[in-house]
Amino acid sequence: MIRLKDVVKVYSQDVQIGPVTLDIPVGGITALVGPNGAGKSTILTMIGRLLDIDEGTIEVGGMDVATCSSKEIAKKLSILRQENHFITRLTVRQLVGFGRYPYTQGRLTVEDEEYISQAIDFLNLTDLENRYLDQLSGGQRQRAYVAMVLAQDTDFVLLDEPLNNLDMQHSVQMMKQLRKAADELGKTIVIVIHDINFAGKYADYICTMNDGRVTEFGTSEETMRPEVLSRVFKTDVQVLETENGLIASYF
């Protein structure tokens, strides 16, 4: 479980995230949704210990992220930020290999190479593994970064906007692959996502945020309701029942 208790991040006298108290269950996909500036990415990066908290506590799998060692937390939790600065003279396989650093400190073993190959195959990057990053499209690079995170082989995976730069086809493929990682590999995946329909279709739980606070937390079916989504996104949202599940309409 990921447990946040009275977590606060203060940016200025007028800008504050929290306090947030939230329990994210083990297993499946939990989506953090809400308007721009709601605090979604801030919460994710604090869970991933890339941003210090000012108050409260965060535990991941029973480990306090503020006090446990970097080496131990890196074997328990992996995170992909929204902004990634890539080195152009790095191949896809070399990038994915960085996911094994917590175990090898750069000295890859045969077992590490197997993890790397599995992650590359999982994200359908086999034909691109020897390409340099500057030879890829933005969507291909995004998939390579997700493969790097999966190669880290952690129980908890945090992804900030994993659909960035992906077209419709590859967005669907990405969400199906994350669903597969949760179901077949037993990962607990937490994503920040803007498209509420992808969250409703593929996530087990949805956590809505607004103005730095958690406003709703429940199953996708509990959250995909017009009164909930209209309140969260501050616009009129209708929810339609289709053969593919619940679809939010907000045009």
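Strand S9 (residues 205-210) and strand S10 run antiparallel and are joined by 6 bridges. The model is predicted.

- S9 and S10 belong to an open sheet of 6 strands, in which the order is S6-S7-S8-S3-S9-S10 and the pairing is mixed.
- Strand S6 (77-80) and strand S10 (213-219) are the edge strands; each has a single partner strand, so one side of each lacks a neighbour in the sheet.
- On average, neighbouring strands of this sheet are turned by 15 degrees against each other, direction ignored.

**The helix on the sheet**
- Helix H1 (residues 40-47) packs on the sheet and touches strand S3 (28-33), S6, strand S7 (156-160), strand S8 (188-192) and S9.
- The direction of H1 makes about 145 degrees with that of S7.

**Lys5**
- Lys5 lies in strand S1 (residues 2-10).
- Lys5 counts as exposed because its relative accessibility is 51%, and the cut-off for exposed is over 50%.
- Apart from neighbours within four places in sequence, Lys5 is in contact with Val20, Thr21, Gly56 and Thr57.
- Between Lys5 and Ser78 the separation is 73 residues in sequence, and their C-alpha atoms are 21 Å apart in space.

How values were computed:
Residues are numbered from 1 along each chain as its sequence is written. This is a predicted model: local features need pLDDT of at least 70, side-chain atom pairs count only at pLDDT 80 or more; totals for chains, interfaces and linings use all residues. Side-chain values use heavy atoms; hydrogens and water are left out. Two strands pair if DSSP finds at least two bridges between them. Helices (H or I, at least four residues) and strands (E, at least two) are DSSP runs, numbered from the N terminus. Axes are lines fitted to C-alpha atoms, for helices over the stretch in contact, and angles run from 0 to 180 degrees between N-to-C directions. Contact means heavy atoms within 4.5 Å. Buried means under 20% relative accessible area, exposed over 50%, partly exposed in between (1.4 Å probe, protein chains only).
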